[in-house]
Amino acid sequence: MGCAGSTPTEGDGNVKKIRKPKPWKHPQPITKSQLVQMREEFWDTAPHYGGRKEIWDALRAAAEADLTLAQVIVDSAAVIVQSADLTVCYDERGAKYELPKYVLSEPTNLIQES
């Protein structure tokens with residue numbers, strides 16, 4: 001009989017549809033400017049942890065875009081999306097790219113600056 005539930009297209013990791021990350025809470029309430037600073041620090045240092053700069057650039061563009069454009073960006077950069085919220089991705093050479101939630105969405109405890 002064989003495996004009735006499998007199809008040839010299953011397991012193709014780079015067709016995963018991107019979605020927004022689940023709501024999350026930062027350990028302590030932070031302001032929008034603190035969040036922006038954390039994001040800048042991450043993107044400035046991310047390429048130093050491995051992977052290719054052009055993939056990091058594509059992931060940053062995708063993280064800052066709406067979902068439709070983000071999908072086009074990761075597809076055209078040949079990024080393999082492990083987690084649909086972009087927290088874990090790979091390039092075609094197998095290098096792993098991990099993105100913290102704070103570069104993908106705002107925390108639920110973001111405080112307004114006065």
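Predicted model: local features only at pLDDT ≥ 70, side-chain atom pairs only at ≥ 80, totals over all residues.
Setting aside neighbours within four places in sequence, W43 is in contact with W56, L59, R60, A63, E64, L99 and V103.

W43 belongs to the largest nonpolar core, a group of 21 residues. Along with W43, the residues with the most contacts inside this core are W56, L59, V74, L86 and L99. Four helices each supply at least two of the core's residues: α1 (32-45), α2 (53-63), α3 (67-76) and α4 (101-104). The largest share comes from α2, which gives 6 residues. In soluble globular proteins, nonpolar side chains tend to be buried together.

Let us look at α2 itself. Which residues of α2 are buried? They are I55, W56, A58, L59, A62 and A63. Viewed down the axis of α2, these buried residues fall within an arc of 160°, so they line one face of the helix. Their packing partners are α1, α3 and α4, together with the strands β3 (88-90) and β4 (96-98).

Now turn to P21, found in the segment before β1 (30-31). Is P21 buried or exposed? Its relative accessible area is 13%, and a residue counts as buried when this value is under 20%, so P21 is buried. Not counting residues up to four places away in sequence, P21 touches D85, L104 and S105. P21 and L86 are 65 residues apart along the chain, and their C-alpha atoms are separated by 8.0 Å. That brings us back to the core, where L86 is among the residues with the most contacts.

Note on methods: Residues numbered from 1 in each chain as written. Heavy atoms only, no water. Core = buried A, V, L, I, M, F, W, Y, C linked by side-chain atoms within 4.5 Å. Buried < 20%, exposed > 50% of the residue type's maximum accessible area, 1.4 Å probe, protein only. Contact = heavy atoms within 4.5 Å. Arc of directions from axis to C-beta.
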